[in-house]
Amino acid sequence: MRQFRQLNVCQCLFGILLSVAMSAPLWAYQSELASARNFLTHGENQSAYSLLQATELEYSGQPEFDYWLGVAALRAGEPSHALIALDRAVLRQPTHAGARLERVAALVQLDQNGAAEREIEQLQALSPPADAQHAIAQFQAIIEQHRQAKNGPRHQGLLGVDIGYDSNPQRFPNEIAIDPLQPDLRRVVEELIELGWEPNGGPSQFDQQIFSRDASTYQRLQGSYQGILPINSQSRWRLSATGQAQRYTEEVAQDYDLTLAQTQLGYQRDLAAQRTLTLNGSALQGWSGRSQSRLLTRWESSVDLRHPIGVDSELTWQLNAQHNRFSSTNNNYDAGRLGVQLGTSHSAFRTRLNAQIEQEWAASGRDGGDLLNLLLGAGVDYPFGDRHLIRANLNHRIRIYQDDGFALYNNFVPKTRRDHIWQARLSWLHQINTDWLLETSVDIERRRSSMGFFDTRRHQTQLALRYLF
């Protein structure tokens, strides 16, 4: 009997200890939720979000916690994270009207209006109270405003002036000499000159040609127009026109002065599952040199397909065809390109990853023949403050010529040419006001080629002021 009493006492003690052990995490959980709600009540949204985000791994999956995490994330300006948390709450508790209402707010902020309307339908089936109905009506008004803005005509223009410095407009090595005569022929010519022969152009026409890079400042004027003309609620025409004129200050670089004019017409249609299909056709005309003689005429057509991946990312597939005709006909080529780009929004920045493969089919007589282009690139946009943005891009391009060529630049021995080109750009953009944008940037380019003549370095600095209207 005594042993039985001792056993009961032990069981009671164990039960008490187990109850205390289980209630401690529950008390801490409820305490954190209470603190977060208190922060939200006093407008300290970031503090509430940070508090709940720190324990997300431990408590996610509990509808109450996920709901308040979603609320805090939304109030702290993180609609993507809010949507993820609210999705978990609705998955566990489909009749959670508060979570569904907050989901509508997150979807509207993310410009996913179709999904927001579907969520409103689910919410209304739960017979929400009057205050919730008032909030729903406000969201429906916002969605309708977004739809009208998207489907209404839109026009935007830009005028800009840039000043900059280019370390190598010619894309030459530091200095390199090219002998226009093959070695055997040069010996014959030199012997004839020694015997008294005088060529019509004088002996100097057989001298080596010296190529060297010469830096120059430049000025650039540019203007553009973009217009969107709706056809119906799901499709629209897109128009654009762009022109720019770049002039170098130093005389040695003025052969590379450039003027471009381009027009583009596109048809865009919204598809199911928030996908967008765009068909484009464009024409470009280019002029170059001191006399601004015709350089290039290009006809281009393309197809773009964009679709979301999850909540934060968008994937764009690009198919492109070009028809290029130059003033020097041996440079003519046609091209086809396939590309893909992934854009992702993070809590404090946005990233881009892109890849392209392009084939050029050269006209007869182009040195090196057909050309294969491969490109891998990455970029990041980091906004700070309301008016500032840092933008960085890094590209690696590989150019592979299909035939041997370029003998003049390789001691008259034809060779297959392959170039590896690294390009980096860093920009700072400052939105002065709704009309004026200031941008400063630095570009660096390094090309390594299987033929030493084409190894180059180049950097540019630029300051631009643009007027938006």
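Ala273 lies in the loop between β6 (258–270) and β7 (276–288). The model is predicted, so local features need pLDDT of at least 70 and side-chain atom pairs count only at pLDDT 80 or more, while totals for chains, interfaces and linings use all residues. Residues are numbered from 1 along each chain as its sequence is written, and side-chain values use heavy atoms, with hydrogens and water left out.

Stay with the loop. Ala273 is not a glycine, yet its phi is positive, at about 60°. Gln274 sits in the loop between β6 and β7. Gln274 is not a glycine either, and it has a positive phi of about 60°. Most residues other than glycine have a negative phi. Now look at accessibility. Ala273 is exposed, with a relative accessible area of 59%. Gln274 counts as partly exposed, at 38%. Exposed means over 50% relative accessible area, buried under 20%, and partly exposed in between, with a 1.4 Å probe and protein chains only.

Next, find helix α2, residues 45–53. Ala48, Tyr49 and Leu52 are buried there. Seen down the axis of α2, its buried residues fall within an arc of 100°, so they line one face of the helix. The arc is taken from the directions that run from the helix axis to the C-beta atoms. An α-helix has 3.6 residues a turn, so residues three or four places apart point the same way.

Move on to strand β14, residues 418–431, which contains Arg418. Arg418 is partly exposed, at 42% relative accessible area. Which residues does Arg418 touch, leaving aside its neighbours within four places in sequence? They are Ile398, Arg399, Ile400, Arg448, Ser449 and Ser450. Contact means heavy atoms within 4.5 Å. Take Arg418 and Ser450: they are 32 residues apart in sequence, but 5.4 Å apart in space, C-alpha to C-alpha.

Finally, step back to the chain. It has nine helices and 16 strands. Of its 469 residues, 37% are buried. Among contacts with a separation of 6 or more, 57% are between residues 24 or more positions apart. The accessible surface comes to about 26800 Å², and 56% of that belongs to carbon and sulfur atoms. Accessible areas come from the Shrake-Rupley method with a 1.4 Å probe; for residues, only the protein chains shown count as cover.

Conventions
Helix = DSSP H or I, 4+ residues; strand = E, 2+ residues; numbered from the N terminus.
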